[in-house]
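Please work through them with the structure at hand.

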Amino acid sequence: MEGKEIQFKFKEEAFKYLIFWKWIVLSCAAFLLVAYLYLRYVSDIYATQAKIQILDQTNNTFKLPTNSFNIFGDNDKDLENEIELIKSTRILNKVIDSLELNTEVYTKGKIKSLELWDTAPFKIIWGIPTQELYNKSLFFNITLKENGYLLDDKPTLYPYNKTNLTQEIPFVVLPKNERKKQKLGVYQIRLKPKNTLLQELSNNLTITKQGTQSNILKLVLKGGNTAKINAVLGALISIFDNDGVKDRQLVFEKTIEFVDDRFQYLFTELDSIEKQKAAYKKSQKISFIEADAGVIMQKSYDSENNIEKIDTQLVLADIMLNTINKSKELDLIPVNIGITNDEINGLSNKLNEVILTRNKYMSDGGGKTNPIVASLTQQVNAVKGNLKSTIIGYKNTLAYQKRELSKIQGLSAKNYNRIPDNEKSLRSIERQQNIKETLYILLLQKREEAAVNLAITNPTIKLIEYPNFTSSPIYPDRTLIYGIAFVIGLLIPLILIYMYFVSNDKIQTKSDLEQHLKLPVISEIPFVDANENKLIRVLDRSILSESFRILRTNLSFLLSSQKKRNQVVFVTSSIKGEGKTFVSINLAITLSSTNKKVVLLGADLRNPQLHSMLNYERKGLKGISNFIFDDKLTVEDVLVRGKEMLSKHEFDVIFSGTIPPNPAELLANDRFSALLDILKETYDYIVIDTAPTLLVTDTTVISGLADAILFVTRANFTEKKLFKHILDFQKINPKISFGLIINNVGQNKIYASNYSYGYNYGYGYGYEKNYSRKLTLKYRIARWLRKK
């Protein structure tokens, strides 16, 4: 039972909204149209993506065969640094300059314009240097013609391929080769400042790592022209790769420059030693020295060879130390010049890498106070100090080894007493010559290594996926926008309708009374148009007459508990205008049509309306007030027979009479109750049209005389805040039968569909067929819902 009640309420509430289906459909259609127009003229945004792998440059450099161990790179790649480098201003600036992105060409449409890229029929050449264009902005329209172009719709025709000086910046319109086939029309030219382009490019570029353990980056670029974003992303990848290659080439170039400088010095030294050797041989008349020491001298020879190696390392260490001391704070230093100490070579490579990293951040716009730059500067100083300390320690080690070898050689020298002093001097000269030659050959080898690495420098990245744009735009999402438009179009009218229902404080339907008052509603009186007859007729088959027949039946049931032959029925309301007089008269007509004797009393002494509705002349008319006030008057003196009225009713009437100054006190007089007793002897029903109960106490004073009280409310008129007053009035005489009547049902078209005798009732009297032919779509839907 409860489920059926909930289902019925749901249908009732749904039907209240269904009344506005035209407005709901119109709202949805309007918002869908707005969405269509928006999608029709909004610029589509596409995305292109590519994937690159950051290559590890460790041990990728070329080296000639050697026993030395060299370190050229670090194994770890910080992908976060690479992402920031790709999006750095320096790289993006190169992309903008290489593709001339600061100049944009659009085809002008009626509402929106589309950007052209490689399909533009012409090219704009600016008349000032590129550097001066960075902070410039300009916008103008050109209209292409066969022999020239128009500027901003001005009548002057300017020729192609000639400088135009009419704008702030001179420019030349350079048609492409297929100008004869080009599409003539209006085009927009936009020159954007570089800062704006950098911001747009950085915002539209997204770089993400592909997995936590991967060194692959995914680059996504958004834009309105697919060909343009493909070209921009391709240029960005190429420029980033070349930038990394150039950084490594810079180290090799510095090494070659250092070796070239040392070649000139070593060549002079070697020439001087050879001349000294020749002069010594000539002065001492030496042509050839016999190797007569044999096995005895082998140990001496070994010591001497080791001393030569140590001397070579000492010279290289001195050269390296002098180079570091003479270089500026952030200059690169030569690497792998022949020092066999792995720690020194490793620190040299690390120092160059830190200097290069700091220089990159400085070129990207970071100042000396930048935390990263400051940290890298400290790291440069720390590494350089560590390198110096290592070289000095290495020299000390060599010196110690040399001293030890010299001691060994001193002990062996006693065995060389037979070797001429000349041979010793010559050996000294030859030893110096060997040192210089060895150093010369070593530097030559390192120069060749650097030259080969410079020529075959490996790329920084590997392109895994070429730039490829999406076939459909990523923005706007058409399905989402249509869905949002439909939901908004549906919600706005529903919210407005809900707000209307919530803010409506008037009684509208029978359910409003039943829900709040818990009192029986014995009749629903339909709305009667102003140009229609408000009084029913005997044998009338209208909806209005049927409603009063229902009222008559329900009233009989209401009075069944009263075991009286003559019944007194009060008809009252809360305030004026709710239709109590209208109900009183028609109730009297309906009761009299059953051959019952009925009298209608006008007890509203303050604002009598009974005579107006019955079209009876009020002047000199005596009634209840006169009867109560004048003891000499009898009932016959104030009673008006129905046959005597123009409308020839079957019921009699006692009008209110003269309007008294004290109606409440007058009605409290015993003469009024005596009047009712007299009438009960003659009439079956005494229907009394009383005064409204809210502002005056007239009805309250006499309410105890009633057998039944019919309280009239009016749909779309009576306020819901009067519910408490109705309940309070009913509690004054709780034993008296009390029934509610809702009048004027159907005046508000929103609620009119809930009340229709055409589908609520089917009496078979003939009128419902004519009525059903007039049913609109909403009534037919309501009928279907009720059947369900």
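**Exercise 1.** Determine in which sense strands E2 and E3 pair, and over how many bridges.

*Solution.* Step 1: E2 and strand E3 (residues 114–116) pair in the antiparallel sense over 3 bridges; strands are DSSP runs of E with at least two residues, helices are runs of H or I with at least four, and both are numbered from the N terminus. Two strands count as paired if DSSP finds at least two bridges between them. The model is a predicted one, in which local features need pLDDT of at least 70 and side-chain atom pairs count only at pLDDT 80 or more, whereas totals for chains, interfaces and linings use all residues. Residues are numbered from 1 along each chain as its sequence is written, and side-chain values use heavy atoms, with hydrogens and water left out.

Step 1: In strand E2 (residues 103–107), 4 of the 5 residues are buried, so the strand is largely enclosed by the rest of the structure. Buried means under 20% relative accessible area, exposed over 50%, and partly exposed in between (1.4 Å probe, protein chains only).

**Exercise 2.** Identify the residues linked with Lys192 in a network of salt bridges.

*Solution.* Step 1: The network links Glu104, Glu115, Lys192, Glu200 and Lys228. A salt bridge is a side-chain nitrogen of Lys or Arg within 4 Å of a carboxyl oxygen of Asp or Glu.

Step 1: The side chains of Lys192 and Glu200 meet at 3.2 Å, N to O. Lys192 counts as buried at 18% relative accessibility, while Glu200 is partly exposed at 31%.

**Exercise 3.** Of the 22 salt bridges in the structure, examine the one between Glu465 and Lys51, then the one between Lys94 and Asp243.

*Solution.* Step 1: Glu465 and Lys51 form a salt bridge with an N to O distance of 3.8 Å. Because Glu465 belongs to strand E13 (residues 461–469) and Lys51 to strand E1 (residues 46–54), the pair ties together parts that are 414 residues apart in sequence. Glu465 is partly exposed, with a relative accessible area of 32%.

Step 1: In the salt bridge of Lys94 with Asp243, the closest N and O atoms are 3.6 Å apart. Lys94 lies in helix H4 (residues 89–99) and Asp243 in helix H6 (residues 226–284), so this pair ties together parts that are 149 residues apart in sequence.

Step 2: Lys94 is partly exposed, with a relative accessible area of 34%, whereas Asp243 is buried at 5%.

**Exercise 4.** Locate Asp707 and state whether this residue is buried or exposed.

*Solution.* Step 1: Asp707 is placed in the loop between helix H20 (698–702) and strand E19 (708–714).

Step 1: Its relative accessible area is 3%, so Asp707 is buried.

Step 2: The side chain of Asp707 reaches the backbone nitrogen of Val568 at 2.7 Å.

**Exercise 5.** State which classes of residue line the second largest cavity.

*Solution.* The lining has 4 nonpolar, 6 polar and 3 charged residues. In this classification, Ala, Val, Leu, Ile, Met, Phe, Trp, Tyr, Cys and Pro count as nonpolar, Asp, Glu, Lys and Arg as charged, and the others, Gly among them, as polar.

Definitions and conventions:
Polar contact = N/O pair within 3.5 Å; in protein donor to acceptor, adjacent residues only side chain to side chain.
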